[in-house]
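I opened this entry to keep track of what I looked up in the structure, one place at a time.

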Amino acid sequence: MKSVVVGFGGALPKRCVTNEELSLQLDTSDEWISSRTGIKQRFIAQEEENTATLSTKAALDALKFAEMHPDDIDLIVLGTTTGNYTFPATACLVQKELGINTPCIAFDVSAACSGFLYALDIADSFIKSNKANNALVIGADCFSKILNWNDRASCVLFGDGAGAIVLKGEKNTEKGVQYCKIHSDGKFSDYLITTGGVSTTQQAGFVTMQGREVFKFAVEKFRESFEQLLSDNSLTIDDIDLVVPHQANIRIISMLAEVMKLPKDKLLITIDKHSNTSAATIPLALNEVKNTLVGKGNVVLLAMGAGFTWGAALIKI
Ligand code: UT7
């Protein structure tokens, strides 16, 4: 049994905020943000928009692409750290908004920027063990709600959004998820952490980050996970058609390309348009090129986030 990707979807908030606009209220500049990160703009959720509404939009978009009805879905796994409520899970809110009337399991996964990859691995395991047939895998975050808008070192980096894919269990196919390996190491939890949480401060807190340490770790783990993926699957860089890394900083991605000798045209880059949307960056990037993806071949996904968490996946689309 393979989990085949049959749908891609995405949703961004209506409001786009450029670097120039941010520099009117903060001691920063388009020059600094663009040259240090590659970010030109980000989308920020307005009052009526949140992780559940964006996820639902992305899910409907993915279902449309897959030509499937919400009732066909029997599993929703949503990677997020900015859910609408402490409980219920935002995945349950999506299930409700989609109007699913058939048996369906829905839950959230907390792995920060690696949330989509974790959700993918879990959904793939459910399908392979016949616990689900058709899964919505969503990565969604509204980091604008947990940013300290006076901290220029962190607030310029993030934006809001949601991306979704539909996984369908199929036998006798070459396509689908070939490999997914996720990791975590809590030793590094302080490097990228919010200032609070339910059982400590009773508030979500704000994002804090030791940027340089996170940067170095991301470059190292992207390379390590990618090399492991190639060796575990007896592949070389030439066998890879597209690489979709988590979009945190263009310089992280460029360093990865350099160390892996990866041609630039095999890299999918969306950080300029979307900024870092945490768990949403990978599925939102896939959604950007969805009409050229089918039959694409070997697609590699690379993630790294707070925890630290990280991992890599290989999908034949
Ligand atoms: O999704 C996973 C989570 N995030 C990441 O992976 C991010 C990883 N880290 C990074 O992308 C980079 O470390 C940053 C973009 C966050 C920072 O880049 P950097 O080249 O490491 O800069 P820095 O933090 O060392 O700061 C350099 C200077 C400092 O000024 P001084 O001390 O040299 O005078 C900062 O105060 O840039 C200053 N600075 C800014 N200046 C203008 C920091 N933020 C800004 C800003 N605008 N927004």
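I began with Asn298, which counts as buried because its relative accessibility is 9%, with the cut-off for buried lying under 20%. I note at the outset that this is a predicted model, and I read each of the entries here with that in mind. Asn298 has its place in strand S12. I then looked for a polar partner of its side chain, and found that the side chain of Asn298 makes a polar contact with the side chain of Lys316 at 3.1 Å. Leaving out residues up to four places away in sequence, I listed what Asn298 touches: Leu235, Asp239, Ile240, Asp241, Leu242, Leu314, Ile315 and Lys316.

**The largest nonpolar core**

Next I asked which residues of the largest nonpolar core touch the most other members. The core has 45 residues, and the ones I wrote down are Phe226, Val243, Leu262, Val300, Leu302 and Met304. Two or more residues each come from helix H7 (211-232), helix H8 (250-260), strand S12 (298-305) and strand S13 (309-316), and H7 gives the largest share, nine residues. Apart from this core I found another, of 34 residues, which includes Ala119, Ala132, Val244 and Leu301.

**Helices H3 and H4**

How do the axes of H3 and H4 cross? The axes of helix H3 (residues 51-66) and helix H4 (residues 90-98) come within 9 Å and cross at roughly 55°, which means that I record H3 as oblique to H4. The crossing of the two, H3 and H4, is right-handed. On the H3 side the contact is made by Thr51, Ala52, Ser55, Thr56, Ala59 and Leu60, and on the H4 side by Thr90, Leu93, Val94, Glu97 and Leu98.

The side chain of Thr173 reaches the backbone nitrogen of Lys175 at 3.0 Å. Not counting residues up to four places away in sequence, Thr173 touches Lys2 and Val4.

Methods:
Residues are numbered from 1 along each chain as its sequence is written. This is a predicted model: local features need pLDDT of at least 70, side-chain atom pairs count only at pLDDT 80 or more; totals for chains, interfaces and linings use all residues. Side-chain values use heavy atoms; hydrogens and water are left out. A nonpolar core is a set of buried Ala, Val, Leu, Ile, Met, Phe, Trp, Tyr and Cys residues joined through side-chain atoms within 4.5 Å. Buried means under 20% relative accessible area, exposed over 50%, partly exposed in between (1.4 Å probe, protein chains only). Helices (H or I, at least four residues) and strands (E, at least two) are DSSP runs, numbered from the N terminus. A polar contact is a pair of N or O atoms within 3.5 Å; within protein, one must be able to donate a hydrogen and the other to accept it, and residues adjacent in sequence count only if both atoms are side-chain atoms. Contact means heavy atoms within 4.5 Å. Axes are lines fitted to C-alpha atoms, for helices over the stretch in contact, and angles run from 0 to 180 degrees between N-to-C directions. Angles under 35 degrees count as roughly parallel, over 145 as roughly antiparallel, 65 to 115 as roughly perpendicular and the rest as oblique. A crossing is left-handed if the near helix is turned anticlockwise from the far one by less than a right angle, and right-handed if clockwise.
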